[in-house]
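Subject: Structure handover and notes on its sheets

Dear colleague,

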Amino acid sequence: NPATAAAAPPPASCAPRTAPAAMKFDVNVLRYIEKDAWRVLVSVEMGMKNHELVPVELVSAISGLKHGGAFKYIRDLLKHKLVHHENQKYDGYRLTPLGYDFLAIKAFVNRGAIAGVGRRIGVGKESDVFEVVNEEGETLALKLHRLGRTSFRAVKSKRDYLKSTTTHTNWLYLSRLAALKEHAFMKALGDNGFPVPRAVDVNRHAVLMSMVDGHPLTQVQKLGDPGKVYAQCVDQLVQLAKCGLIHCDFNEFNILVNEEQEITVIDFPQMVSSNHYNAQELFDRDLKCLHKFFLRRYNYRADLDERGVPDPVFAAVAGGGVGH
Ligand code: ADP
Ligand code: MG
């Protein structure tokens, strides 16, 4: 019974440790949402495949609940801000990003992948990352992709009904696509020995992965051995290129380092093939980013270090590499 699974109290390590303002989820809500209310929420999600706003009639048809029943649960969902009501063009409901988050979290809870959601550990440009815990008490990271929100808001009012339907459902589609892509890359890279988080599961716009022991370089003011870390970073760029891939966002936010000065690379949805028309430029840009950061933050230059690794040349490392 999913409701029971969700009702299991999260371990102490999962309890929110930050101020409530930083908490996006009240996971308690999961416990109070009735089974039929979930059915209604999923029906709204399904209705959004071809409707900007899903009329109650469609919700009740998809859910198989009587009109009155569907309406009752929609009111509950509204109260929890999982759906939003609009009646400007016509009367209907749409899924909110929070509603989408809950559907993904619920799916993970149902299949026993997670037992509770804790604090937010990362806010990226296009994602929120939360600390979660699985049924064995292991802490994992849950990344919720958030794409297309701003562009949607910007164009929403100017579009006609049909176009705005496409634009509207875009954030659902784009975020889901990013999650699928990221999970697939993470899995493939991990299987091939790259230092990336372990890909655990994916649902909708959410990727479940192992929690990395370490901090993004952007939070690390001093490194014991910057040369060692720099060399690993360059080596990762080279190994990726040899597999026919360019990270494209290989910077201090996406490289995590632990106490032993070992790196883990994260954040792959923007990765491209080294067959890309400006692969060379993208590769060089990743490399230049590294240079600049290591100089600025750690006053490190590989060319002034006797052990320093020389700059790899894209054509030499990617040419005839695996994955072509
Ligand atoms: P975005 O695409 O929004 O930049 P990231 O994947 O880079 O998302 O994640 C945002 C932040 O969350 C990272 O900079 C990092 O601090 C944290 N983070 C992401 N994944 C993990 C993980 N598996 N373990 C620990 N921290 C993580
Ligand atoms: Mg990032």
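Predicted model: local features only at pLDDT ≥ 70, side-chain atom pairs only at ≥ 80, totals over all residues.

Residues are numbered from 1 along each chain as its sequence is written, chains are lettered from A and ligands numbered from 1 in the order in which they are written, and side-chain values use heavy atoms, with hydrogens and water left out.

One open sheet consists of five strands in the order 3-4-5-7-6, paired antiparallel; strands (E, at least two residues) and helices (H or I, at least four) are DSSP runs numbered from the N terminus, and two strands pair if DSSP finds at least two bridges between them. Its edges are strand 3 (116-123) and strand 6 (199-203), each of which pairs on one side only, and neighbouring strands are turned against each other by 25° on average, direction ignored. Strand 6 is joined to strand 7 (residues 206-210) by four bridges in the antiparallel sense, with N203 opposite A206 of strand 7. Helix 6 (residues 97-110) lies across strand 3, strand 5 (139-145), strand 6 and strand 7, at about 130° to strand 6; axes are lines fitted to C-alpha atoms, for helices over the stretch in contact, and angles run from 0 to 180 degrees between N-to-C directions.

The other open sheet has three strands in the order 8-10-11, again with antiparallel pairing, and strand 8 (215-216) and strand 11 (263-265) are its edges. Two bridges connect strand 8 to strand 10 (residues 255-257), and P216 has L256 in strand 10 as its bridge partner. Helix 9 (residues 226-242) packs on this sheet, touching strand 10 and strand 11, where contact means heavy atoms within 4.5 Å.

Best regards
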